[in-house]
Amino acid sequence: MDLTAEESGQIAVLFGSLPGKTWGHDESDALIRAADALIIVLAGYVDAGERIPLPSPARGRPVISVAPLEAAKVRLHNAMLDAGVSDADMARTLGLPKSVVQRLRNPIFPGELAEVEMAFAALLAADKSQSDASA
């Protein structure tokens with residue numbers, strides 16, 4: 001993340017390799033706004049069905065982080081993409097509506113960490129059964 005003073009006096013925040021930009025009246029305000037903007041950027045990746053890149057090294061730059069729930073949702077989203085598991089597949093496995101699974105992996109929606117853990121357990125179980133079947 002990079003902070004840049006603009007001619008207007010505001011502080012601009014760029015997310016490095018991620019798209020998006022936000023501003024604040026000062027550095028503290030910019031960092032608060034950046035945390036909210038980051039969640040929106042991550043949700044955009046989920047909505048587009050694209051893999052979310054992991055953060056690049058800070059290298060002395062300011063860092064913002066997401067809460068554990070949002071971080072778990074990002075990891076679940078990427079894991080489902082990597083495994084080729086669709087929302088519909090996961091919904092059938094968990095016995096949940098597809099819309100619930102969509103919210104489960106999108107960091108913009110509230111949820112419970114236990115729900116995300118349940119989805120990870122289902123992914124692991126499916127991966128293990130596929131490995132056993134191919135052995």
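Mentor: A nonpolar core is a set of buried nonpolar residues joined through side-chain atoms within 4.5 Å. With that term in hand, we may turn to this structure, which is a predicted model.

Trainee: How many residues does the largest nonpolar core have, and which of them have the most contacts inside it?

Mentor: The largest nonpolar core comprises 15 residues. Those with the most contacts inside this core are Val13, Phe15, Leu18, Leu42 and Ile52. Strand E2 (11-14) and helix H1 each supply at least two residues of the core, and H1 gives the most, with eight residues.

Trainee: Before we continue, how many helices and strands does the protein have, and what is their order from the N terminus?

Mentor: There are five helices and three strands. Read from the N terminus, the elements run β-β-β-α-α-α-α-α. The C-alpha trace spans about 60 × 30 × 25 Å along its principal axes.

Trainee: What confidence does the predictor assign to the protein, and which elements have the lowest and the highest mean pLDDT?

Mentor: The protein averages a pLDDT of 88, and 93% of the residues score at least 70. Among the elements, helix H5 (residues 113-134) has the lowest mean pLDDT, 80. Helix H2 has the highest, 95.

Trainee: How should I read burial, and what share of the residues is buried?

Mentor: A residue is called buried when its relative accessible area is under 20%, and exposed when that area is over 50%. By this reading, buried residues make up 32% of the 135 residues in the protein.

Trainee: May we take helix H1 as a case? Is aspartate 36 buried or exposed, and is alanine 30 buried or exposed?

Mentor: Both residues lie in H1, aspartate 36 as well as alanine 30. Aspartate 36 is exposed because its relative accessible area is 53%. Alanine 30 is buried because its relative accessible area is 0%.

Trainee: How should I read a helix, and what span does H2 have?

Mentor: An α-helix has 3.6 residues a turn, so residues three or four places apart point the same way. In this structure, H2 has 16 residues and reaches 22 Å from its first C-alpha to its last, close to the 22 Å expected at 1.5 Å a residue.

Trainee: Which residues of H2 are buried?

Mentor: The buried residues in H2 are Leu69, Glu70, Ala72, Lys73, Val74, Leu76, His77, Asn78 and Met80. Methionine 80 counts as buried because its relative accessibility is 1%.

Trainee: What follows H2 in the chain, and where is valine 85 placed?

Mentor: Glycine 84 follows H2 and has a positive phi, near 70°. Valine 85 is in the loop between H2 and helix H3 (87-94). Valine 85 counts as buried because its relative accessibility is 18%, and the cut-off for that class is under 20%. The C-alpha atoms of valine 85 and leucine 123 are separated by 8.2 Å, although the two residues are 38 apart along the chain.

Trainee: Which element gives the most to the lining, and what classes of residue does the lining have?

Mentor: H2 gives the most to the lining of the largest pocket, with three residues. By class, the lining has 17 nonpolar, four polar and two charged residues.

Key:
Residues are numbered from 1 along each chain as its sequence is written. Side-chain values use heavy atoms; hydrogens and water are left out. Helices (H or I, at least four residues) and strands (E, at least two) are DSSP runs, numbered from the N terminus. Ala, Val, Leu, Ile, Met, Phe, Trp, Tyr, Cys and Pro count as nonpolar, Asp, Glu, Lys and Arg as charged, and the others, Gly among them, as polar. The expected span of a helix is 1.5 Å times one less than its number of residues. Buried means under 20% relative accessible area, exposed over 50%, partly exposed in between (1.4 Å probe, protein chains only). pLDDT is the predictor's confidence in each residue, from 0 to 100.
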